[in-house]
Amino acid sequence: MNKTIRRASVFCLLLVLALLVRVTWVQAYQGQALADDKHNRRNVIGQFENPLGNIIVGGEAITGSEKTAGKDFGYKRTYVDGPLYAPVTGYSSQAYGASMLEGVYKNVLNGSDSRLKTVMDTLTNKRAAPGNVLTTIDKDVQKAAYDALQGKQGAAVAVDPATGEILAVVNNPSFDPGSITGATDQKAWDALSADKGKAMENVALRKPQAPGSTFKLVTLAAAIENGLVTDIDQQTGIPDPYTIPGTRTPLPSEAGSAACNNVSVRTALRLSCNNVFAELASKLGQDKMRATAEKLGFNTQIDTPVRTNPPSRYPSKKMSIDQVAQTGIGQFDVQATPLQMAMVTAAIENGGKLVAPHMVSEVTDAGGNVLESFKDPKSQQVMKERTASMIRDAMRTVATEGGGKPAQVSGAEVGGKTGTAQRGVNNSLAPLAWFTSYGKANGKQIAVAVVIENSDTDRSEIGGGKLAAPIAQKMMQAWLKK
């Protein structure tokens, strides 16, 4: 063999060795990463090759699968009462991915979760039969909130205080997730994405906003826990007219100065006197206010398992005394979701114990075997029982004598708190109307929070008691009257 041929042979051998090394590297080390890559279309095709597992409400599937005529995808997702349950299910789309419970449990629902595989599935590398997600949503409470919100822009959440089970998550406007499940639904997607995607916005879980006077429940809890309030019927000595500490700015109350001058905490909560709660917050200071808020879930991402992102917020950045005073009435940089305010009320109703809120009870395989269970959630004593009892007492007065009267449920104990939050530059936007309440009867209990962002009500008539409380009433009645 001459020298030239020998060199060419060695070079070819090196090329073959390099190719073998590369193939081995790709198969042994990069194979799984390439298989899992989000741009690998084979994954999406595999997800919809067979019918998906289902999301269950009250023992009935609110999702399904439909055979397609396409070449790539064998099935696509379908929904029962899609707009009603959209804040819970989210969507599962061949083109746009998945959200909410569809996204959190995507692998369970499409059969790719390793926990679903049988021994035979593992040996044959076959996709397993899909699993199911059982929710805690109560269809009657969900429907009551959905119907009551028609004609209004807003959201509502209901929680069982004793178990942490989320009974309802409702948004209006909502959307039909079934309109975007296919591979060619660009027009429907563009329509839902218009106006910054407001139709798909999960206000109930993922849009913290100023909670207004409903946050006075947190301020009162902090005041009682820190010994600043020991008797809700004792006069506070806080004057009205009232000037925000550190400023020359008067802070009015809707009830008027005469009604709010030197009143008790019970009266202040019933009339929603701003002077009392601003003064309590300023005396407590930022650290004590924030500590109480954080015990109740502020500044923490809550996994329901759908994550509340961004979380509800009590300011961590150093504030001036006037800013702290404003947080006491749920303004300045305080922001909360309906879920967060329902958590506050749930803890108050449950003797000061906050049970982790969750909207899934179990995740099962196709045979019903439990893969995950949420029936024993974490709980924490976030305030003393006496504190919770005092606040409930004051909240009952709001519901029987104050702005919460529209929330009364016949035969049930009801306590509530109204709220109206200013927003926009120079209050240019319509105020937010809030209401949060608890109800209990016949051994059952419920905590509810409702926010109305917009309605056809005249601006002067916007208030939590008028707009949001009737919605809370219907939700509580649907649960307590079963």
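Is Lys283 buried or exposed? With a relative accessibility of 53%, Lys283 counts as exposed, where exposed stands for over 50% relative accessible area, buried for under 20%, and partly exposed for the range in between, as found with a 1.4 Å probe on protein chains only. The structure is a predicted model, in which local features need pLDDT of at least 70 and side-chain atom pairs count only at pLDDT 80 or more, while totals for chains, interfaces and linings use all residues. Residues are numbered from 1 along each chain as its sequence is written, and side-chain values use heavy atoms, with hydrogens and water left out.

**Covered helices**

Helices (H or I, at least four residues) and strands (E, at least two) are DSSP runs, numbered from the N terminus.

- Helix α3, which covers residues 82-89, has seven of its eight residues buried, so it is largely enclosed by the rest of the structure.
- The buried residues of α3 are Gly82, Leu84, Tyr85, Ala86, Pro87, Val88 and Thr89, and the helix is followed by Gly90, whose phi is positive, near 70°.
- Helix α10, made of residues 216-225, is mostly covered, with nine of its ten residues buried; among them are Lys216, Leu217, Val218 and Ile224.
- After α10 comes Gly227, which has a positive phi, near 75°.

**Salt bridges**

A salt bridge is counted when a side-chain nitrogen of Lys or Arg lies within 4 Å of a carboxyl oxygen of Asp or Glu. Side chains of opposite charge can pair when their charged atoms come close.

- The structure holds 19 salt bridges.
- One of the pairs is Glu60 with Lys139, whose closest N and O atoms are 3.9 Å apart; this pair links distant parts of the chain, since Glu60 lies in strand β2 (residues 60-61) and Lys139 in helix α7 (residues 139-149), 79 residues apart.
- Glu60 is partly exposed, at a relative accessible area of 47%, and Lys139 is also partly exposed, at 39%.
- Lys207 forms a salt bridge with Glu453, with 2.8 Å between the closest N and O atoms, and this pair too links distant parts of the chain, 246 residues apart, with Lys207 in the loop between α9 (203-206) and α10 and Glu453 in strand β16 (residues 444-454).
- Lys207 counts as partly exposed at 22% relative accessibility, whereas Glu453 counts as buried at 2%.
- Glu279 and Lys283 meet through their side chains in a salt bridge of 4.0 Å, N to O, and both lie in helix α13 (residues 274-284), four residues apart, about one turn of the helix.
- Salt bridges that share partners join Asp233, Arg266, Glu349, Asp393, Arg396, Glu413 and Lys440 into one network.

Two strands are taken to pair if DSSP finds at least two bridges between them.

- An open sheet of five strands runs in the order β9-β8-β16-β15-β14, with antiparallel pairing.
- Its edge strands, each pairing on one side only, are β9 (166-172) and β14 (413-421).
- Within this sheet, β15 (residues 432-441) and β16 pair in the antiparallel sense over nine bridges.
- Lys440, which belongs to the salt-bridge network, has Gln445 in β16 as its bridge partner.
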